[in-house]
Number of protein chains: 2
Amino acid sequence: MDSILSQSIVLPLLLLLVSSYASAHIPRLGLQRRASRNKPQQASTLDGLATFYYKQPLDHFNYQPQSYDTFDQRYVINFKHWQGVNLNAPIIVGFGSEGDVEDDISFLDFPIRLASRYKAMLVYLEHRFYGKSVPFGSIEKAMKNASVRGYLNSAQALADYAEMLLHIKKMFASQTSPTIVMGASYGGMLASWFRLKYPHIALGALASSAPILYFDNITPQDGYYSIVSKSFKETSQTCYETIRRSWAEVDRIANNKPEGLMILSKRFKTCEKLNGSDELKYYLDHVLTSAAQYNNPHEKPVRGICAAIDEAARKNSDVIEQVVAGVVAFMGERDCYDVFESGHPDNPIDPFTWQEYSEIVMPIGISGKDKDSMFPTAPFDFNKFKKDCKALYGVSPNPHWITTFYGGQDLKLILHRFGSNIIFSNGLKDPYSSGGVLHNISESIVAIPTAEGSHCLDLQEGREDDPEWLISQRKAEMDIIDAWISKYYADLLQSTQTLGAH
Amino acid sequence: MDSILSQSIVLPLLLLLVSSYASAHIPRLGLQRRASRNKPQQASTLDGLATFYYKQPLDHFNYQPQSYDTFDQRYVINFKHWQGVNLNAPIIVGFGSEGDVEDDISFLDFPIRLASRYKAMLVYLEHRFYGKSVPFGSIEKAMKNASVRGYLNSAQALADYAEMLLHIKKMFASQTSPTIVMGASYGGMLASWFRLKYPHIALGALASSAPILYFDNITPQDGYYSIVSKSFKETSQTCYETIRRSWAEVDRIANNKPEGLMILSKRFKTCEKLNGSDELKYYLDHVLTSAAQYNNPHEKPVRGICAAIDEAARKNSDVIEQVVAGVVAFMGERDCYDVFESGHPDNPIDPFTWQEYSEIVMPIGISGKDKDSMFPTAPFDFNKFKKDCKALYGVSPNPHWITTFYGGQDLKLILHRFGSNIIFSNGLKDPYSSGGVLHNISESIVAIPTAEGSHCLDLQEGREDDPEWLISQRKAEMDIIDAWISKYYADLLQSTQTLGAH
């Protein structure tokens, strides 16, 4: 039996926060991302594309002698559609996010459509500390060295992208080409922030499923899990009730010593014997949130899980059996299930774990205030988070830095008379949409929410049987970008005619 | 005899580039700034103001353990006009530039007028590495330590200001108070960049005499000195001719060994015997550029110098005697003249020397193309500049960083549909206006140039006998800021009524 999520779709770009079940309240990367990483790389991903490396300074904001150290940062260019220099053909840029840029290239289809439409150069930039863009060669070495991992943060990453894009524009004599940047999830945050910080390099940004408001308590901590619960509840009340009851049942069995954990291990077919019920709950949380986050209109994984749960219930299975059926429906029939297949929580070598502890601090939790939650209460506990961060990395988190540097509070008040050319797209079924920008900010900083959309769906490859609303969403995004580019060409023409030196 | 520039006016905020005469083509701080620093501090500067210190991280863009080191950064608040929290009274902010904040407080009068007008809180922020805001206590220690001075740069300085302003807003429950930042010269650059990078903290910026386009060859290297020459030529053709001829005459005498330098030392009454004609030319350059830069409508120092030169000419003095008369007119009658009173060139302890070598790289030179130049040809030589930088500091300059991070090229094309609420004011008699923004960019990013204005004149204290155009300029600036604030209050009202959480 196949899993519900079709193997052909790579699902990276996912930020997941585990609440109570992990040993710490830690964010981690999602299962799908890692799964895709572990898959043998398709030979075709980079086929026909040109790979380059840029000598990137490790530190853009300091002029210590050691700041002049560089590392080789990868970028990939697709010249297939490019009409060339003289026509000021656009540059479409896919921002790498927290992973190998080859994952981004596989995942991001929308940039290809734009490149084809505009006869554009298509550029993919790999994020520092991921893929082949790791300082000093090895991610283990880089992440274990306190003075090296400090350079892994969003401001440095944006400055990398700025330098690389200026370099590319110069190399291909495309300084006046309109440049549109885009990214998904964390990559989408980077895209919107890049337009705000580097308007002289990017004309516009498409930020798909970018929860830029899930910082510093702008978004209530319950936002994420409330949408997960809602999604299950709307799909099947009985399924939702089963899941809601299952946590206590897991605990009850686990507490039935000495054999409780062995029983759970067997029933869930875990690859290793469980060391505690937290491990299992961590895994269930992962399955449920992933299904909700990627609840796309084709595979509909939430419906798949609930169908299996409800079917088991009709066969008078107990709660555990029902949940096991849901897991099997989502993950596919397997010999065993690795509860840590999405990565161990608090793995200090994982670069995004570091990012989430140090800077991308999203206070996601389950406060207990959402009476419809199907998850056990587990409020975000900053003090514990800080303690864990110190234990892991020896430094404290910087929970206010994102809003200090990029803003976030009173976003409409601030931006409706500042800035331009940003699309924030969100699928409202995506739990991260709770921290997204869902309302228009100005005439040209706009929100495109879709009621049925899931995480980063708009940027994925289109299908023949895509629903009308998804086709419309992509068209709306393209129309807006069309308008940016047309206006820019008109401005450029006027500027070369009349504006003179400045 | 007094000097032409009245003692009561402190003239800091001056960036000066010396061309050929210095031992290297180095930028340095201006004479007046240092003179004002060496003056005993008037007790009154901080009278009635509240001084605070903020625990500032040394490094905002890194999470190495050592980045968590902090230093005490000074800020000063004038509460005299403040109407308090409940009315969302504005916050007016004077940005410290390359000097002690007390100099900025003395110099900047316009913020006081605004504070009084708006019943605003008036805040002055001291720039890192200046005044009392020096990491590790001593500027010698800080500047001699390669891994400490690296933290002295504009991006870190803006992040300091961001953190301090958020802190102040929080401390005084003024999070929704409209905040207007302003600064003069380098401080003006910081103000305009701050509005672009931190629109969520500052509603608008007034950037007085900020040569943000004197980077990366956006402005021709001759811009600065051409205005100086023009100013003298327009004032007196004969005076201009004398100065123009004087350089060769200085060289001729200096080369008349062995006694040539002694003769020059005596004629110019230098405090120390000259070691070479470069020292004298460095000083003359300084006198002439300072006079042009601060050629305000009251003292009119260029006219003063030229009157003295022309008067000496009428008495049949030789060229040297004429120039000496000009120097005396500008500096005042003294026992002797210290050719390095504005600081030795290439003093590695001077923090702005470091800034200009590492980042604020303004390629000012005298290319020989300006046939009206009264200065000897001395093109900006980047290779020499780089060699000097390496010799002084062991690192290379970063001449493209300012335009990478802040932009500059095609400014109107980029910003006329991005950003808002910046005033660029320039006096066209100010040599730095050649690198300033002199044309409107959009409806709310505007230029206010004045034909007769000098460096940062608009922000200085008004006088009864100010000319009409200066009164109008200040009024125009105030009217614009009025409109920003009114619009903001209307937006704020609407936002609290309708915009909801985001």
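Start with the pair α9(B) and α13(B), whose crossing is left-handed (the near helix is turned anticlockwise from the far one by less than a right angle). Select residues 237-254 of chain B for α9 and 319-331 for α13: they pack at about 115°, axes 9 Å apart. Axes are lines fitted to C-alpha atoms over the stretch in contact, with angles from 0 to 180 degrees between N-to-C directions; helices are DSSP runs of H or I with at least four residues, strands are E runs of at least two, numbered from the N terminus.

A caution on what you're viewing: this is a predicted model, with local features needing pLDDT of at least 70 and side-chain atom pairs 80 or more, while totals for chains, interfaces and linings use all residues. Numbering runs from 1 along each chain, chains are lettered from A and ligands numbered from 1 as written, and side-chain values use heavy atoms, without hydrogens or water.

Now show side chains: B:Arg245 and B:Glu249 are among the α9(B) residues meeting α13(B), where B:Gln322 is one of the partners (contact is heavy atoms within 4.5 Å).

Next, jump to chain A and select β7, residues 179-184. Buried or exposed? 6 of the 6 residues are buried, so the strand is largely enclosed by the rest of the structure (buried means under 20% relative accessible area, 1.4 Å probe, protein chains only). A:Thr179, A:Val181 and A:Gly183 point one way, A:Ile180, A:Met182 and A:Ala184 the other.

Key: Buried means under 20% relative accessible area, exposed over 50%, partly exposed in between (1.4 Å probe, protein chains only).
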